[in-house]
Amino acid sequence: GVNYKIIDNFTLLEGNEGKMAMIPITSDDFCITSGKHAFQAINATAKFQWIDYFETVIKSTQERTTIATIFVPVENAEEAKIIANSKRLTADDSGNLSISFTHKGKI
């Protein structure tokens, strides 16, 4: 029920109530792609539909891959870009992961 636009390393979602950014976080390179998939409800009168989607695609370089996703309200694409560029995924010696980003001046 929202419009979306893929912009570099995030997706901007826009609806009647405002905007949100969907920001993937991973240690591997990734891209966000979009497409359509088929849908038909199990109903004799239901019409066949194509539904838009977007996804994060990674070619992993490791045995394990972690993908985290931040959904955060934003004013515009520029604010989303600043947040996306501030994201960090770190692991300690035990393998515990920490995710951080900056939003409105706070980490």
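1. Is Phe-54 buried, partly exposed or exposed? In this predicted model, Phe-54 is partly exposed, with a relative accessible area of 25%, where buried means under 20%, exposed over 50% and partly exposed in between (1.4 Å probe, protein chains only).

2. The model is predicted, so local features need pLDDT of at least 70 and side-chain atom pairs count only at pLDDT 80 or more, whereas totals for chains, interfaces and linings use all residues. Residues are numbered from 1 along each chain as its sequence is written, and side-chain values use heavy atoms, with hydrogens and water left out.

3. A search of the whole structure finds two aromatic pairs, a pair being rings of Phe, Tyr and Trp (its six-membered ring) with centres within 6.5 Å, stacked if the planes are under 30 degrees apart, edge-to-face if over 60 and tilted for the rest. Tyr-4 and Phe-54 form a tilted pair, at 4.9 Å centre to centre and 45° between the planes. This pair links distant parts of the chain, since Tyr-4 lies in strand S1 (residues 3–7) and Phe-54 in strand S5 (residues 49–58), 50 residues apart; strands are DSSP runs (E, at least two residues), numbered from the N terminus.

4. Phe-48 and Trp-50 have ring centres 5.4 Å apart and planes at 85°, so their pair is edge-to-face. Trp-50 is exposed, at 54% relative accessible area, while Phe-48 counts as partly exposed at 45%.

5. Four strands form an open antiparallel sheet in the order S1-S2-S3-S6, where two strands pair if DSSP finds at least two bridges between them. Five bridges join S1 to strand S2 (residues 10–15), and Ile-7 stands opposite Phe-10 in S2.
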